[in-house]
Amino acid sequence: MNLDTREPVVHNLGVLETAALLRELTAGLIALTDFDEALLALVRVTRDAVAGVRWCGFTALRAGEPAGVAASDDRLAGLDDLRHGPDSPAMNAIRRREMVLAVDLAGESRWPAWTARARDLGVRGVISAPVDIDDQVIGAINLYAAGPNLLTPQHQLTAMLLAEHAGLLLAAVRDRGRQAEMAGQRDAELLLDGVVGQAVGVIMTQRGCPPAEALDVLRTAASSLGIPLREVAERLVRTVSRQRES
């Protein structure tokens, strides 16, 4: 009977590491609204969590044009930046919509200029996996190894799962960013409303708070009273006006 269980143990550890990585990414990106900030968190968490990966980068395209880059190490940022040339593993992954692997750059001929730069920076292996974010933005996550033949089938599986999960998280970040921008525009419009602007000014004076916080106070009052925000503002302005007249 063969009692050697080393292979399943290694496999199980890889699965557990990947699950932990996905949980940590979710926790780190769940509340973010800034896309660039989310990319930076993604590559740093990935670098720290995946054994055998020394560096991590992300390449983003919007409408076919470079839309962002993030690197866990600033020295390697140029490897992910398409402005330095489109001939790279990341661009191959994006174009072909499939994972690209080079376990040993010493014998790699697909991206001569990129490979030369990568080797000068100490990179010896790379996995690039395409990431679908939304209708406007796509990208690739790039895992780099400092030695040849360090990137295994387990790393390929991790990259595939990571790309799927990252796509969902980054899509949510962009959606929250759009919602926050729309909310900011609505707030600006409200502040231009004469009576609402006056009420906000009253609250700012009373509480010593910024406009956004004063507007939140009005919203909370409107919600508690079950009446429109503008009516709350009118009541407050009338009350203050009476106090000044008396």
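Here are some notes on the helices, strands and salt bridges of this predicted model.

1. Start with helix α7, which covers residues 194-207.

2. Which residues of α7 are buried? They are Val 195, Val 196, Ala 199, Val 200, Val 202 and Ile 203. Looking down the axis of α7, you'll find the buried residues within an arc of 155 degrees, so they line one face of the helix.

3. Next, have a look at helix α6, residues 153-192, where Leu 161 sits. Together with Leu 157 and Met 160, Leu 161 makes a nonpolar surface patch of about 230 Å². Leu 161 has a relative accessible area of 35%, so it counts as partly exposed, the range between 20% and 50%.

4. Now for the strands. Is β4 (residues 125-132) mostly covered or mostly open? Mostly covered: seven of its eight residues are buried.

5. β4 pairs with two strands described here. Strand β3, residues 100-102, runs antiparallel to β4 and is joined to it by three bridges; Leu 101 has Ile 127 of β4 as its bridge partner. Strand β5, residues 137-145, also pairs with β4 in the antiparallel sense, over eight bridges. There, Val 131 is partnered with Gly 139 of β5. If you trace the chain from β4 to β5, you pass through a hairpin of four residues.

6. How many salt bridges does the structure hold? Nine. One of them links Glu 231 to Arg 235, with the closest N and O atoms 3.1 Å apart. Both residues belong to helix α9 (residues 229-245), and they are four residues apart, about one turn of the helix. Glu 231 is partly exposed at 28% relative accessibility, and Arg 235 is partly exposed at 39%.

7. Another salt bridge pairs Glu 98 with Arg 96, and here the closest N and O atoms are 2.4 Å apart. Both ends are partly exposed: Glu 98 has 34% relative accessibility, and Arg 96 has a relative accessible area of 46%.

8. Finally, Arg 47 and Asp 48 form a salt bridge, their closest N and O atoms being 2.9 Å apart. Arg 47 is partly exposed, at 26% relative accessible area, whereas Asp 48 counts as exposed, at 59%.

Technical notes:
Residues numbered from 1 in each chain as written. Predicted model: local features only at pLDDT ≥ 70, side-chain atom pairs only at ≥ 80, totals over all residues. Heavy atoms only, no water. Expected span 1.5 Å × (residues − 1). Buried < 20%, exposed > 50% of the residue type's maximum accessible area, 1.4 Å probe, protein only. Arc of directions from axis to C-beta. Patch = residues over 30% accessible without salt bridge, like charges linked within 9 Å, V, L, I, M, F, W, Y side chains within 5 Å. Areas by Shrake-Rupley, 256 points an atom, 1.4 Å probe, with all protein chains shown as cover. Salt bridge = Lys/Arg side-chain N within 4 Å of Asp/Glu carboxyl O. Pairing = 2+ DSSP bridges.
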